[in-house]
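Me: I would like to learn how to read this model feature by feature. Please give me the general idea each time, then the case at hand.

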Amino acid sequence: MAPAPRFRFLLILVAVIAGFAAQAAQARSDADEVQTIWRLLDYVAVDYAGAVANGQVTSTVEYAEMTEFSATVRKGIAALPATSARTRLVSEAGQLEAAIASRSDPAKVAGLARKVATDLLAAYPVPLAPRNAPDPRRGAQIYLENCASCHGTRGDGKGPQARGLDPAPIDFTDAERARKRSLFALYQVIGQGLEGTSMPSFAHFSSDDRWAVAAYAGGFAFQDLAAGKRIWERDPSARGQVSDLQAFTSLSPETLGRALGQGPADAVTAYLRADPKALNAAMPASLAVARDKLSQSLAAYRKGNRDEAERLALSAYLDGFEPLEPILATRNAGLMARIETAMADYRASIGRGLPVDIVAGKAASVEALFAGAEITLSPGAASDTSTFVGALTILLREGLEALLIVVAMIAFLRKAERPEVLPYVHGGWIAALIAGGATWAIATYAISVSGASRELTEGFGSLFAAVVLVWVGIWMHGKSHAESWQRYIRAAMGKALSRRSAWFLFGLAFLVVYREVFETILFFAALATQGSSGAIAAGAGTALAILAVIAWVMLRYSRVLPIGTFFAYSSALIAILAVVLAGKGAGGLQEAGLLGITPLTHFPRFPAFGIFPSLEPLVLQLLALGVLWIGFWYNGRQHRRAEATHG
């Protein structure tokens, strides 16, 4: 590859990465807007009753707020990214606005607001829950330092600075009002403040701290912890209603009361808000989201809304199943593979417009596999042994691909007697490890890495690496026929390994290592939620030791190989990895919903080798093989011509 094309490749790579960053920032902005609209709808549902009664305005200030908020909701939804559901949502928001304008009954307005809020999150899924259970003790400390002066130490709104405030601080002990407010609504108000009141924004608090304060303040109105604990431990229906952190933070006590009865719901709310970790202890992993989205998808397909069914089917995988994949993979990789295949088959059947009964049958197959997964994901299925094996195999599997490529680059530079370029290769993989650490910190403390973001990163990263490796493999194969390696070094390597080429090697080392680090981080983060940190450390340490031995053997063995043999073996290894990554890249884009799925019945599935039972990854792998074959054939032809010329 000439210097100019290599430089253009790096520019394209930088542009693509910048594009991904811009898309991620826009997605984050859209998620913030959705959460703001949801908060306004929640506020309308709770507080409209204080503005209107019997068709008459009882509070001019409150009614003006309701009118303003409903108009803001309608305009905000209209400005969201276009989806098949946006027009319907704008219409629903208009109905809410009209109901408020006509001073409709509070129950009707609350019902309309809740419906718009529910449909909004179905159309624009955003996280409604923290990554970890909130810590109410931390929340109590922050509340006393920052909130008690207005809301009072007992949450009754009678703090020393409350006098003269209009409107008065919220009375968190008002059970009737507290029943209508979810923890997510409290979290939103804490982060964004409340216009028209003395409630400021506490956005400078970390997300964990805001959730902790929400859990603490949300518990003032509910005090029967003993009854709540008893119900939670003995009543499966209570655990079924609050199946995970998202349900815990998004359900209001009033909504929970419709399923359990208001008394039991209040008691369960008191217990869980006082000790949110009880939720994790009871049900650490749940497929409730995946099941719900799958059910909604099938219902949409039955109604003839194919686009909505496809979107919900993809959400069932990305938002419901994909976050649990790492844990399931360590406990039953075969079951995880069957679920992935079944969910892809279900999405493909929707895309092909198959009859409803066939699509329903495929959904039933997925649901049956979910039942087995729930058992596998239960607390009793976890063990230190499974965690150790999981950590070992994950790091060994992900590290081996990157190791093979980086070691081949190092061995090549040593053979070429170009030690001054080695720092670029080492700098590439070290920078990838640092970037991986930053990714872990961001994913842990700032934002969550969505399933779509994960699959896009893996998919595009694999495809970029595959393209580069196809070129590298062909180039190395050509050098296996060199008649005089030393002459080639003196005549060509000075140009071939210019500073621009050195930065190219830096980029390649960074790309292949970061892709594997990114995948490993997400797997280890999932394992860490299950505890057994000692088993995780032991598994990771063992894997690193094995990888170190493999690297040492490869580097030592490469030194004694004749140069032609070295390039022949290296080109074959690079070619194999290019084909593998081509398949993995296509598979990642399929799981992110960017590439279609054409199932291949009875075709094998080996994700470690980029082999999936669908046509698209196979076509890309065949394309990579075809390009490699043409390149190798051309190299052989050039070698034969050179031999004939030199006689």
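Me: How many of the contacts between residues at least 6 apart in sequence join residues at least 24 apart?
Reply: Contact means heavy atoms within 4.5 Å. In the protein chain, among contacts between residues at least 6 apart in sequence, 74% join residues at least 24 apart. This is a predicted model: local features need pLDDT of at least 70, side-chain atom pairs count only at pLDDT 80 or more, and totals for chains, interfaces and linings use all residues. Residues are numbered from 1 along each chain as its sequence is written, and side-chain values use heavy atoms, with hydrogens and water left out.

Me: How many helices and strands does the protein chain have?
Reply: Helices (H or I, at least four residues) and strands (E, at least two) are DSSP runs, numbered from the N terminus. The protein chain has 28 helices and two strands.

Me: What share of the residues counts as buried?
Reply: Buried means under 20% relative accessible area, exposed over 50%, and partly exposed in between (1.4 Å probe, protein chains only). Of the 647 residues in the protein chain, 48% count as buried.

Me: How is a pair of aromatic rings described?
Reply: Two values are used: the distance of the centres and the angle of the planes. Rings of Phe, Tyr and Trp (its six-membered ring) pair if their centres lie within 6.5 Å; planes under 30 degrees apart count as stacked, over 60 as edge-to-face and the rest as tilted. Searching the whole structure gives eight aromatic pairs. One of them joins F184 and Y187, which are stacked at 6.4 Å centre to centre, with 25° between the planes.

Me: Where do F184 and Y187 lie in the chain?
Reply: Both are in helix α8 (residues 183-192). They are three residues apart there, so about one helical turn separates them. F184 is buried, at 0% relative accessibility. Y187 also counts as buried, at 9%.

Me: Which residues form one aromatic cluster?
Reply: Y143, F172, Y216 and F220 do.

Me: Which ring has the charged end of R103 over it?
Reply: A charge sits over a ring if NZ of Lys or CZ of Arg is within 6 Å of the ring centre and within 35 degrees of the ring normal. Here the ring belongs to Y63, and the charged end of R103 is 5.9 Å from its centre. R103 lies in the loop between α3 (86-101) and α4 (106-123). R103 is partly exposed, at 39% relative accessibility. Its phi is positive, about 60°, although R103 is not a glycine.

Me: Where is N54, and is it buried or exposed?
Reply: N54 is in the loop between β1 (52-53) and β2 (56-57). At 77% relative accessibility, N54 counts as exposed. Phi of N54 is near 55°, a positive value in a residue other than glycine.

Me: At what angle do helix α16 and helix α20 pack?
Reply: Axes are lines fitted to C-alpha atoms, for helices over the stretch in contact, and angles run from 0 to 180 degrees between N-to-C directions. Helix α16 (residues 288-302) and helix α20 (residues 356-376) pack at about 175°, with axes 11 Å apart. Angles under 35 degrees count as roughly parallel, over 145 as roughly antiparallel, 65 to 115 as roughly perpendicular and the rest as oblique. The two helices, α16 and α20, are therefore roughly antiparallel. Residues making the contact include L294, L298 and Y301 of α16, and V359, V366 and F370 of α20.

Me: Which residue classes does the contact of α16 with α20 have?
Reply: Ala, Val, Leu, Ile, Met, Phe, Trp, Tyr, Cys and Pro count as nonpolar, Asp, Glu, Lys and Arg as charged, and the others, Gly among them, as polar. The contact of α16 with α20 has 12 nonpolar, no polar and four charged residues.

Me: What does V366 touch?
Reply: V366 lies in helix α20 and is buried, with a relative accessible area of 1%. Leaving aside neighbours within four places in sequence, V366 is in contact with L294, A342, M343 and Y346.
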